Amino acid sequence: MVNEGLNNYLVEGQAAFGRHDYAVASQVFEQAASADPRNKVAWKGLGFALTAQHRAEDAVEALTKATQLDQQDADTHYGLALAFQHLGDDTRVIRELETCLALREDHPAARPLLKQTLKRQAEKAQLLGNVEWAERHLRRLFEVDKKCPESYLELVKFYHGQARHAEAIAWFQKLEDLA
């Protein structure tokens, strides 16, 4: 009977989430997590529902419990990245997205978000005058997607802006080779 009740909670929570009724979804997933504290689906559902409600700190707590139950679930790491994004913690966003992609290279949403976050971090570092950090983030951007011309162009612009013309030319040539 407990298993049937738990399954009902999970189905109801997923249905509420699908209707974008995140308040109901979080309540139902919380009931499921209370019914079975070792159920990773309940914790993950709760975390995503809380993130959708902009309750990022609570979402981090729920999603952390889900990762403790299953460290190999790429979607849970992606969910943690979203929650950390709401908290403005780009360092953790990057770490969780890299973990997500290590577990599931073809994750549909993780790579674009990682690229966006790395680019934003590089821009912040440049504004602060931290050239080393800017370069590091741009190189990581390149490593995330070596087939993307944007990452090459970002490095060309960076090196040109730093009057490191030989490196800018080298990256531009690599871009030409890509085409």
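Me: Which hand does the crossing of α5 and α6 have, left-handed or right-handed?
Reply: In this model, which is predicted, the crossing of α5 and α6 is left-handed.

Me: And at roughly what angle do the axes of those two, α5 and α6, cross?
Reply: The axes of helix α5, residues 74-87, and helix α6, residues 90-103, cross at roughly 165° and come within 8 Å. Because angles over 145 degrees count as roughly antiparallel, α5 is roughly antiparallel to α6.

Me: Which residues in α5 and α6 meet?
Reply: From α5 the contact takes in Ala 74, His 77, Tyr 78, Leu 80, Ala 81, Phe 84 and Gln 85, and from α6 it takes in Arg 92, Val 93, Glu 96, Leu 97, Thr 99, Cys 100 and Leu 103. By class, the residues of this contact of α5 with α6 divide into nine nonpolar, three polar and two charged.

Me: Cys 100 is in that list. How many disulfides does the structure hold?
Reply: The structure holds zero disulfides. Cys 100 is in none, and the nearest cysteine sulfur, that of Cys 148, is 18 Å away.

Me: Are the two cysteines buried or exposed, Cys 100 and Cys 148?
Reply: Cys 100 is buried, with a relative accessible area of 0%, and Cys 148 also counts as buried, at 13% relative accessibility.

Me: Switching to α7 and α8, how do their axes cross?
Reply: Helix α7, residues 110-127, and helix α8, residues 131-144, have axes that come within 8 Å and cross at roughly 165°, and the two helices are therefore roughly antiparallel to each other. The crossing in which α7 passes α8 is left-handed.

Me: What residues make up the contact there, between α7 and α8?
Reply: Among those in α7 are Arg 111, Leu 114, Lys 115 and Leu 118, and they belong to a set that meets residues of α8 including Trp 133, His 137, Arg 140 and Val 144. The contact of α7 with α8 has nine nonpolar, three polar and four charged residues.

Technical notes:
Residues are numbered from 1 along each chain as its sequence is written. This is a predicted model: local features need pLDDT of at least 70, side-chain atom pairs count only at pLDDT 80 or more; totals for chains, interfaces and linings use all residues. Side-chain values use heavy atoms; hydrogens and water are left out. Axes are lines fitted to C-alpha atoms, for helices over the stretch in contact, and angles run from 0 to 180 degrees between N-to-C directions. Helices (H or I, at least four residues) and strands (E, at least two) are DSSP runs, numbered from the N terminus. Angles under 35 degrees count as roughly parallel, over 145 as roughly antiparallel, 65 to 115 as roughly perpendicular and the rest as oblique. A crossing is left-handed if the near helix is turned anticlockwise from the far one by less than a right angle, and right-handed if clockwise. Contact means heavy atoms within 4.5 Å. Ala, Val, Leu, Ile, Met, Phe, Trp, Tyr, Cys and Pro count as nonpolar, Asp, Glu, Lys and Arg as charged, and the others, Gly among them, as polar. A disulfide is a pair of cysteine sulfur atoms within 2.5 Å. Buried means under 20% relative accessible area, exposed over 50%, partly exposed in between (1.4 Å probe, protein chains only).
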